[in-house]
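Subject: Structure for you to look at

Hello,

Here is the structure I said I would pass on. Please open it first, then read the notes below with it on the screen.

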Amino acid sequence: MTTAYSSTVDTPAGPFTTVVNAQDVVLASGWTADLGELLPQVGPSLRPTEIEERAELGHITRAVRDYHAGELLVIDDIEVLQRSGEFREHAWRVLRTVPAGKPVTYKEYAELAGRPTAVRAAAGACAYNAVTLFVPCHRVLRTDGTIGGFRWGAEVKRWLLDHEAAAA
């Protein structure tokens, strides 16, 4: 049995829930209060069997609040853990290097990840990202510059992009 811990905080973009393992490493996160929306994205080998709710998760909860208050860099040092294929794991690491306030297109993201023709694979990395915010898939736009899909909704993605543009 593996136990994880969760906390939900109110943010200007809506409720934000984070799930961490016993080592305070983020396994899942997103703009929802429903764990059922988060846990299916966690790789089976990492998925906890039990989740204990907490009011706060220490430095992780502080980072979530501080990010939403305009301190954009605080999420960069939060440790995350995701499992998938080699390209997707690499693409998630690359995504953490896209600066706040400087979104890229899916094509540019594929190029940054070293596979310029793998635009769909790059989009898949965004779609299967379990630790949104900390791995900032909201910073990737369609080739024409429009918002595109986002698990937490276009309004949340727009809020994040506007927030980062204003604070960057």
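Start with Ala 22, which sits in the loop between β2 and β3. Keep in mind throughout that this is a predicted model. Is Ala 22 buried or exposed? With a relative accessibility of 53%, Ala 22 counts as exposed, because the cut-off for exposed is over 50%. Leaving aside residues up to four places away in sequence, Ala 22 touches Thr 3 and Tyr 5. Tyr 5 is 17 residues from Ala 22 along the chain, and the two C-alpha atoms are 7.4 Å apart.

The loop between β2 and β3 also holds Asp 24. At 34% relative accessibility, Asp 24 counts as partly exposed. Its backbone is worth a look: Asp 24 is not a glycine, yet has a positive phi of about 60°. Most residues other than glycine have a negative phi.

Leu 133 also has a positive phi, of about 85°, and is not a glycine either. Leu 133 belongs to the loop between α5 and β6. Its relative accessibility is 0%, so Leu 133 counts as buried.

Now the chain as a whole. It has six helices and six strands. Read from the N terminus, their order is β-β-β-α-β-α-α-β-α-α-β-α. The radius of gyration is 15 Å, close to the 15 Å that the globule rule gives for 168 residues, so the chain is as compact as a globular protein of that length. Along the principal axes, the C-alpha atoms fill a box of roughly 40 × 35 × 25 Å.

Of the 168 residues, 48% count as buried. The chain exposes about 8200 Å², and carbon and sulfur atoms supply 50% of that area. Among contacts between residues at least 6 apart in sequence, 57% join residues at least 24 apart. As for charge, there are 17 positive and 21 negative side chains, and the centres of the two sets lie 8 Å apart.

Helix α5 has Ala 122, Gly 124, Ala 125 and Cys 126 as buried residues. The buried residues of α5 pack against α3, α4 and β6 (140–141).

Thr 18 is in strand β2 and is buried, with a relative accessible area of 3%. Not counting residues up to four places away in sequence, Thr 18 touches a list of residues that includes Tyr 5, Val 26, Leu 57, Ile 60 and Phe 134.

His 163 is in helix α6. At 13% relative accessibility, His 163 counts as buried.

Regards

Terms used. Residues are numbered from 1 along each chain as its sequence is written. This is a predicted model: local features need pLDDT of at least 70, side-chain atom pairs count only at pLDDT 80 or more; totals for chains, interfaces and linings use all residues. Side-chain values use heavy atoms; hydrogens and water are left out. Helices (H or I, at least four residues) and strands (E, at least two) are DSSP runs, numbered from the N terminus. The radius of gyration is taken over C-alpha atoms; the globule rule is 2.2 Å times the number of residues to the power 0.38. Buried means under 20% relative accessible area, exposed over 50%, partly exposed in between (1.4 Å probe, protein chains only). Contact means heavy atoms within 4.5 Å. Accessible areas come from the Shrake-Rupley method with a 1.4 Å probe; for residues, only the protein chains shown count as cover. Lys and Arg count as positive and Asp and Glu as negative; His and the chain ends are not counted. The place of a charge is taken as NZ of Lys, CZ of Arg, CG of Asp or CD of Glu.
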